Amino acid sequence: MSYYTFLRRFCTRRIDGHIFDGHFLDRHPLWSRTATLASALLLLLHALVQPVAANDVTYVCDSGTDAIYRMVDSDGNGMIDPATEVVIFYDDTSPGPDLSTPLHLLTLGDSVLVADAGTVDSVLRLTDLNDDGDANDAGEVIAYYDDTAPGIDLSTANGLAHGPAGSVLVSDDGASVRSILRLTDINGDGDANDDGELAIYYDQSAVAPTPVVTDPEAIAATTTGIVYVTDTATGRIVRLSDTNGDGDALDAGEATVFFEGTAPATLTDLDTLQLDGSVLVAVDEDNGTVLRLSDSNGDGDALDAGEAVLWVDGAANPAASDPNDAATIGNGRLLLADGAIDGLLVAEDLDGSGAVENGEFTAYFDDAGALLATPSGVLFVAGAPPSPAPQVSTVSPPQGPQAGGTLVTIAGSSLLEVTSVQFGGIVATFTVIDDNTIEVLTPPMATAGSVDVAVESPHGAVVAVAAFEFVAPLALTITTVDPPFGATSGGDTVALFGAGWDVAAPITVTFGGLVAPITMVTTTMIAVQTPRHPTGLVHVELDDGMQSTIASGAFEYRTPFVRGDSNVNGNVDLGDAITQLTYLYVPGAPQPTCLDTLDTNDDGEVDLGDPVTLLTYLFSGGPPPATPFPDVGIDTTAAGPGCAAYDPLQP
């Protein structure tokens, strides 16, 4: 129905206790006050009844202009624009044969077959080899079957259908040949013109089949091998089935009446048969009648009550008065090539009444006959369903450092053609593993926090909201240096405790500006070997490539010595006690190089107690000097008088 008709039905309501219909709606003040709403509903309805998707292709052959047109509703508005959405697919400008009376079309792989019932009397195969939208170039047309074949010549090639085992069925209702041919490209050369590639599927001269089809015109075939053929001479539809598997329907019982009679309508020129699922759609060109036939009880015919439905009543609905051909386009819709308007119509039972009325025809192509002169055949090729947009189910792990570099696995669907992955609007490097998995390396992020993860492909995009968190780095800190002292000679193992570094980062540790080799790294501890350095307190600095921190004066270099070796000759003996006494009591005695060697009892002072302690140790079995003794070491108490100028390990 028209949008206006539908709207009037849609808006039928009870107002002020009265029922009003569409005619009352025209006169009621409410109508004028709701013009804006009406316009909006019209636009909505226009969107709802768009007949063909933007990636579907419609081919129309025209016996008046001897051409085949290719139509694509590229803008998706539900109608074909003659200026921009129609190209000549094949016409007399082609280097191939000129068309004379093209009647019906059929797909064959990526090709289009056209049955020409005029002087050509052949089935042509058209293939757009160079993808320019037409088959008018050299090599793009061949005779799929013509009179060069070793079989019978076509007389009036008419209907086309897909037959069993990849074959093509052609009905011929000419004066000399009244049969259905079965064509099969056995040798794969693109045609059926070779020996053994033609078989007679049905012939009216056969004795066994009854009833005899005397004027075979339109044909349709199921995927299970059932063939339906119209007989315009008798107004019946015959069901053909190769029950014995010999490749034809010429044997007894293989032809039965599927439909005939005057109810619900008398058929006189059954020019088109189409299968819509399990329903056979029969179109009568003479009276514009369309029947939907179904074998509801499974007895092999549509002769029982309720099995034949008058879907379009040509007498009552002149909208499509001369349907030369038709194509089912899904969802119960029928695309009609109408010779009265020289255009294309979509018939659809919008109101669910079981029939299509005048208001339920939608113009798909109508330019008042300027392009189409006599549309004789229509072929609808549904485009591949649009590829789904990518979907994201999980992002794992869901967080990583702000510096980036985290390997993240994105799981979902329709990911095979992904072209871009972004984290918080920043493009990330990714690798497609399969249709369900992508691996992504996170980019560095200026600020910490949760961000959206966007995945895009040519078929759409998806955004996983706040799916990944960039974690700000912890402040780099050194809390403890243990031990906090070591020998000036270096080589001591020292542990730095703290936080904020990445164990995989390029960490550098220096003591007093000198690099300390790292021996171990954990998340809370870094073990190093101290470098050589003069005596004194030094800063310990830690750098991980992103941050750095300094522990001021956190490590003290101490000079190694042997306590008691006051004269620094490598031995502890009486001479060392004399050196101590000389330092204490002889005016002008030379200054020892390491006073800590004189502090034998390690009380932090050099006095008389030190030589007494040493002499007692040497001659009376007293306790030995405090550490470091007897080997070279450092004063772990750091309470002595100092040893800045002495390093027995220096070369």
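Arg236 counts as buried, at 17% relative accessibility. Keep in mind that this is a predicted model. The side chain of Arg236 meets that of Glu260 in a salt bridge, 3.1 Å from N to O. Arg236 sits in strand β16, residues 236-240, and Glu260 in the loop between β17 (255-259) and β18 (270-276), so the pair ties together parts 24 residues apart in sequence. Glu260 itself is partly exposed, at 34%.

How many salt bridges does the whole structure hold? A search finds 6. Let me take some of them.

Next, Arg178 and Asp215. Their side chains form a salt bridge at 3.3 Å, N to O. This pair links distant parts of the chain, 37 residues apart. Arg178 is in strand β12, residues 178-183. Asp215 is in the loop between β13 (198-203) and β14 (216-221). Buried or exposed? Asp215 is buried, with a relative accessible area of 15%. Arg178 is partly exposed, at 25%.

Now Arg558 and Glu556. Their closest N and O atoms are 3.1 Å apart, in a salt bridge. Arg558 counts as buried, at 10% relative accessibility. Glu556 is partly exposed, at 26%.

There is also a network. Salt bridges link Arg563, Asp602 and Asp635.

Last, Thr429. This residue lies in strand β32, residues 429-434. Thr429 has a relative accessible area of 59%, so it is exposed, the cut-off being over 50%. What does Thr429 touch, not counting residues up to four places away in sequence? Glu439, Val440 and Leu441. Gly405 is 24 residues from Thr429 along the chain, and their C-alpha atoms are separated by 9.8 Å.

Notes: Residues numbered from 1 in each chain as written. Predicted model: local features only at pLDDT ≥ 70, side-chain atom pairs only at ≥ 80, totals over all residues. Heavy atoms only, no water. Helix = DSSP H or I, 4+ residues; strand = E, 2+ residues; numbered from the N terminus. Buried < 20%, exposed > 50% of the residue type's maximum accessible area, 1.4 Å probe, protein only. Contact = heavy atoms within 4.5 Å. Salt bridge = Lys/Arg side-chain N within 4 Å of Asp/Glu carboxyl O.
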